[in-house]
Structures are given as structure tokens and as C-alpha cells.
Amino acid sequence: MRQKLSNWTIIMFLSLILWAGLIESTKASNELPQSSQRHILERLSFGVTSAQINQVKEIGIEAYIQSQLSPQLVSESAIVNDYLAKFSSIHQEPIELQKQDLALRKELRNSQLSIKQKKKIRREIRKLNAQARDEAMDAHLVRAIYSDRQLQEVMVDFWFNHFNVDAAKGSVELWLNDYENKIRTHALGNFRDLLLATAKHPAMLIYLDNKKNTDPNSPIGKKRQLGLNENYARELMELHTLGVDGGYTQDDVIALARIFTGWGMDAHGKKGDRQGFFYYKNRHDQEDKMFLGQKILANGMKEGEQAIDILVRHPATAHFISYKLAQYFVADQPPTSLVDKLSQEFSETNGNIKLVLDTLIHSDEFNSPQYYKQKFKTPYQYVISLVRMGEIEQPNLKRIRGMLEQLSMPLYMCLAPTGYRNTQEAWLNPQAMLQRTSLATAIANGTLNRSYLIEQKQLNSNFGELSSNTKQVVAKSPRKLRSALIMGSPESMYR
Amino acid sequence: MKRRKFFTTASLATAGMLLPVGCNSWVAQRVNSASDRQRLVVVFLRGAVDGLNVVVPHQEAEYYESRPTIAVPYPQEQDGAIDLDGFFGLHPKLQDLMPLWNKKNLAFVHASGSPVPERSHFQAQDYIENGTPGVKNTPDGWMNRLLAELPPDRPTQALNVGVITPYILKGEMAIASLKPGINSAAPIPTDRPRVNKAFSSLYSGTDALSKAYQDGKKAREIVLADLNQEMILASRGAKSVNTFVDDAAEVAKLMVGNAKTQLAFMEIGGWDSHIDQNPAFDRLLPSLGEGLATLAQGLEAIFSDTVIVVISEFGRTVKENGNKGTDHGYGNAIWLLGGGIRGGNVYGDWQGLDQSVLYEGRDLPVTTDFRAIISPILQQHLAISNASLNRIFPDYQFTNKLYFLA
């Protein structure tokens, strides 16, 4: 009996091993096919690299997705850190840059100065601003290219365009890096926090004029003859939350503008927390307001926060953000079923961006092969992807900036508050094709790094399966041109 | 000789096209008989220009009451409006246009715009450009549809400068585009025969990318053939730092030089004056005025056959806002220039600025649909049939009420 039992135990034990093995092999066969993994990598990053391919081989695609959804758990790449250490202006508090700028401008108003002295001061102002702008751009590019937190950077691209500011307006350029960092902090966080961070940020206060928005009957309004400015209130609803068809009226625009009176800028860093924001009570409209059918009791700065809560919880916002995410990640004409699913998740989680993205990435729609390679890269996505997939080291960042300008998508320079679009309709045209193929040729020939030759082998694996036409043309073309052709191929222009 | 070669190339490659000029300008070409000399230039002021400070109702007390700090002063006062007809005046920074007004080559239609009120810049621009106000998803722009309706030999290709094609030009008619500016003819890698050959075979299909690539090559050939020397350097070499003025000179040059060039589109941004409007206008208006005067002067030889329309997405609030600016409003003034215009008049149904007549109590109402201004130009000036007009502005019943064409 005892013998029998122990035999039975052995059998049990062996079958357990077998069973475990089966699970192991089931898991392996359940692993997504290569094309699906590639699709995920292409949409969650700015271009597939050999390091990413190896990482996914090692930990599996699901673990990769989860790590990307929690960027705080991914350590930043040493390349990024080394680069960032070199950019001095981004390590200064932006309020300090702003103060330097204001001090120089004050000096310039001194009528005693000679023309030569004035010229010198003007040069200094230009230098200060240009350095802040260029270093913010380079820091941005380095992260997009080399960060291991790729999804976070993809979301920075998405949200920066959603909450667009134009570097050319006022002193926005001094605040660019800080503004983008605030967006980065909340890129996968809570939508309300993100929205509030932009509402209070000097870049936005300058760009959409809210820093001047004042109740005409307030003490400051009367003293300085200032009044309401609807610019921010309108775009806050039209572009940041409800969408143009979100059901608000002109009265809501005015009410919201009144609610945000006094949300201004402290350019001298004397008040508040040196973040550049200050709530000016003496500019605020102290009356009650009706906003989107709700009574907002006079409550100072809290009214703005209450309005933001109302906007964040509004179903139109859930739909608008979901539509834009689905368009960015899935298709120019996103499937309604997905938009609905995401809207529901957005509403239920009160705007938890990470969970909405998690739902998106695991949806049938996102994973349907009909959407593979259907998103035409924006000029920005295209150029960054060539640098990543070509694994180009130490690229000439200034030249990359120039390329983006040439392709009509200069970094931080979208004039309209809509931000840059990400659809094929917006970016595919004859001139763009000539420019893209020309840039691909130039990059393949080393224009971004003279001493770095692009390895054909590397290209082949990073660019994935090429179409038979591309393969044929590449095969019969001179060896010297092959990298250029792969970089300028249709496969490299879609993600 | 060179110029002739350029045009031959153009017409060999295509039956007609939209040609690029400068940063934000497009002209359309088509093959046609010599009798079709009529030209149309549309200038879009993006951002919603404040029409009440362009064509100033200086006899309206409400105008001055509503704008205590930004109103344009009475004609007799310092920096005052230039009187036009005893009631309206022109912003003084547009003085370059006064010779045209005096020659009766300039008119305005006040209180005009889209019949569908819309205070979103982007939505409102879309409505003016797609020509179907209220209908959002119209796939094409009305100038592209117009290109398709121009008789008798339909143009088959269009070309623009600037990498982003404006909605007004989007549509079935092919658009080829070129990079603006002085470097249009600078060598690019795909000019090299071997590179060209390789990419041409990569993009030899019928897919969207291939089609775009092939159109781009055609456009490129035209540029390399002639545009560099004749068209670009000539005017780009001028000392003007103002791109709009330069662009206007180029548009004129192309339109005068070639009977096939009939349509042009130009755009200027920067009019969204929520704060400190007057300094912004003092900066922007002179170049606009000078540019339009340059265009008119350049087109002198064919000015009798030219209509220039200046339009914006909507007007701005009658009252100034709290920051010496104006917010999004509704009605605006549309500008009309040309030898065939019965100029020297401000047209439109002006109902005053009393709050009771204002749209939502705050904005100039729209009493003239912008299509009522474009339509007679298409019909009488470009000889577009009723059927064609219905395709260009579908679901729109046009009845002429203005008679601003001679």
C-alpha cells in the first residue's frame, strides 16, 4: 500500500512536471506572431531597434508593454542622461531665464544707451532665448531617439500637440523645456493633473493669452482698464477637452473666461512658488457663474479647478480624447467600437491615461492585422524612426532640426493651437515624397554622422519584412544605394 | 525663349496645373484658348482679421463707444481712417490701396461671411474653404472643384508650394507641390540619375505614395527646367524682406506671363488679435496693403480681367476685449480688387451696430453669404455655367443682389 502510494506520488509528480512543461509550451505558442509584435513595437515607439527586439525576445511582448506603461520603473538610458547633462539652460529654473530676459529688456529701455550698447543687449536677449529654445529641442530629440521609455516619449508627442504652444510667441521659448517636462510627468498619468498643469503653466498662459484675462470690474481691471480675454477659455473646450462639437455655447465660453480671470503669470518669481504661475485675486471676477448648466459659486481660484473637474468628467471629453488616441495609435479613421471602449474606460477611471492606453493596446481593434502599417508617419516620426532604425550614433541634432523645418514640421513651431496633425491626408503629397526620399538618401550617406556607416544587416532586421517590390528594387540596385532605398521605402514611411 | 520652354514643359507634363509661388501661394494653370484671359486670386487672412478696423464705420457712434482704446480715429484726426464714402473709412496703414480705390478698382462687401455662425477658427476656415458651410466632411475645397469645372480642356494636375496643401485646393484635381523659396532649384539627392532611377522604380506603382512621388518628379522637372532663373531669382533677389510682397510679385509675373495661369491662392496668418491689436495691425497691414498693390501693379496688363478676393474666416467682436484686442466674432468685410470690379463702393446690407441688430448681441451679423460674392465672379467673370456652379457650391441657391461686377 505504502509502495503503491509512493508510486502514485511519483506518477503525480512526473505528470505535474509534464503539465508544467505543457503550460510552458502553450505559452510559447500563444506568444504573438512576429508581425503582431512588430506592430506593437512600431506603434509604442518611434522605430524598432535591435535592443528592443532582443528585449522582447527575452521578457516577452506583454512584459514589454507593461514596462512601457510604467515608465517610472524603466531606468533612463545612459545616452540620454549624458546628453542632457550637457545642455546648460535646461538645468536652470525657467523663472531665472525669464528674469534674466526681463532684466535685459529693462536695460534696453534705458534711453542713455548708445546704439552700439543697445545692439549688444539685443544680441544677448536673442542668445538667451535661442539657447533655451535650441537646447529644449535637442533634449527633446535625444529623448525621442534614445530613451528606453519610448511610449512615454510617444505620449509626449501626442500631448504636446494636444496642448500645443508656439515657441515664437512672447517668451514661450524660455519655458518650453519646463512645459514639456510637466507634460512628460503626466503623460501616462491622470488627465486632470495634466490639464491643470498646462492651465497653470506660463507657456500656455502666454500662448493663449490667459495671463491677461481680467475681470473689468476688478480692482486691477478698473485701474489698468483691463478686461476679459476669451482665447484660452474657447480653446480649452474646443481643443483640450470637449471638442468642437462638445455642446458648449458662447455663453459657456464667456463664463469660463470669467472663471479663469486672475490665472496669471508671475514673471519675476517674487510671488508664489517660482513655477511662474500666480493667481491674482484682484483681477478675478467675484460673481457666481453658470457654466455648462451648472452654477459655479464665487470661490476664487477654486472655480477654475471646479470647471476643470466638470470638463474632465464630461462625456464629450472622454470621447474627444479617446478619438484622438485611437486616431494616433490605430487608424486615421478609427473604428467607432474602439473609440466607445476607450471613452468608457476614460469615464470609469476618471481619465486614467495609463489604463485607457492599456485597454487600447489590448483591444481587438488595435491588434487587428488590417491596421498594421497603415499609419503614415508624420515628418517628425519619419525622421526620428530613420535615426532609431538605422541606429545612428551621435547624430547631428542641428541637422535633424533643419530637416524637420524643411519638412514643414519644425519642432515647437506649430502656429495654430490645434498642434500638428498625424494623418496621412495632412502629410502625404508630392513635395513631401521628394523630400523624404532625398533625406533618406542623405541620411544613408552619412549626413547625420559622417563616420558612421549604416549596416545593411541592421537595417534588414530593424525595418522588418519588406514587400517583394521593395526587395526586388533593392536587390537590383547598386550596393551603395541599398540603404537609401530601404530608408526611403514605403515600409519605412508607415508604422 | 527660356520662359517658352518652361511653359511647354508644363503643358507637356500636364493639361493644366496649380503652380506654386513663394511660401504660401498657389496658382492654377490650365490649357485653354487665348480668349480665356480671366484670372482669380484668392487671398486668405488666417486667424480672423478685424474687419471693423479695416473698413471702419466712422459714422457709427456705437463703433467708438465699443472700442474706447482700439478704434481707428475719425478721418480728420491724427492717424485717423482714410475716408472712403463719407460713412466708412480705410485703416490708415492700408494707404497703399487708396490709388486702387480712387481708380474704382477696389470695393468691399461689409457684414459678410459664412451663413453658419462658427467661432472656432478651424471649423470656420474649413467652411469657407470647402464651400459647404455647415457640412464638415466635404472631401474637397471649392477652388479645386472650380479647377475641375474650368472649360474646355480640363486641367489634370495641380501644383502648390508649401508642404501642406490648403483645404481650399484639396480634391480630385491632382496637386503637385514644391518647396517654396529661393532654394527651389538647389540640387537634391534624387536629382542624381542613379538615385532617381532607383526611387522611380521603387515608386512605379499606382498606390498613393507612388502617385505622389511621380507627381513630385514632374513638378521637379519643371522647376529645374526654368523656374529657378526666371521665376524665382528675379523677384526673390529683390531686397524686400516681406515675403507676402515678394510672393505677390511672383504670382503677378506668372499670371501675366502665361495665359494658362488662371487661379491663384495665397494666405497670410497672424490676425488672431486677442491682445494689443493696434500694434499688431500697424505691423501687419502695411505689408498686406503693399503686397496687394504690388499684385495689382504686376497684373496691370491684364488687370481688367482680374479679380482678387481677400477673405477671412470670421470677424471679431464689436466691443474690444479687456486686453486692447478683440475676441472671435462673426460678420466681416470681404475685399474685392480688379479692373472688372465696380469699385469705389462699400457693398452689403449694413444694419448698424446697435446691440439689437448684432448677432448674439455682440457681433456684426452676416447679411451677405460669402458664396453670394464668389458666385457672380465664377459665373460672370470665369464663365462658369449654372450646372458647374451647383457642383462648386452644392446645395446653394444663388441669386445675385450685389452687382459689383462691371
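Because the model is predicted, local features need pLDDT of at least 70 and side-chain atom pairs count only at pLDDT 80 or more, whereas totals for chains, interfaces and linings use all residues. Residues are numbered from 1 along each chain as its sequence is written, and chains are lettered from A, with ligands numbered from 1, in the order in which they are written.

Chain A brings 42 residues to the contact and chain B brings 40 residues (two residues are in contact if their C-beta atoms, placed from the backbone, lie within 7 Å). On the side of chain A that touches chain B, two or more residues each come from α13 (231-240), α23 (430-444), α25 (468-476) and α27 (490-493) of chain A; helices (H or I, at least four residues) and strands (E, at least two) are DSSP runs, numbered from the N terminus. The largest share of this side, nine residues, belongs to α23(A). By residue class, the side of chain A that touches chain B holds 19 nonpolar, 18 polar and five charged residues, where Ala, Val, Leu, Ile, Met, Phe, Trp, Tyr, Cys and Pro count as nonpolar, Asp, Glu, Lys and Arg as charged, and the others, Gly among them, as polar.

Within chain A, the axes of helix α3 (residues 50-59) and helix α4 (residues 61-69) come within 7 Å and cross at roughly 115 degrees (axes are lines fitted to C-alpha atoms, for helices over the stretch in contact, and angles run from 0 to 180 degrees between N-to-C directions). A:Gln55, A:Val56 and A:Ile59 of α3(A) meet A:Ile61, A:Ala63 and A:Tyr64 of α4(A). Of the residues in this contact of α3(A) with α4(A), five are nonpolar, one is polar and none is charged.

Helix α17(A) shows two faces. Its buried residues are A:Leu338, A:Val339, A:Leu342, A:Ser343, A:Glu345 and A:Phe346 (buried means 20 or more other C-beta atoms within 10 Å of its own, exposed 12 or fewer, partly exposed in between, with C-beta atoms placed from the backbone). They lie on the same side of α17(A) because they cover an arc of only 165 degrees around the axis, the arc being that of the directions from the helix axis to the C-beta atoms. On the other side of α17(A), A:Thr336, A:Ser337 and A:Glu348 are exposed.

In chain B, three strands make an open antiparallel sheet in the order β4-β6-β5 (strands pair if DSSP finds at least two bridges between them).
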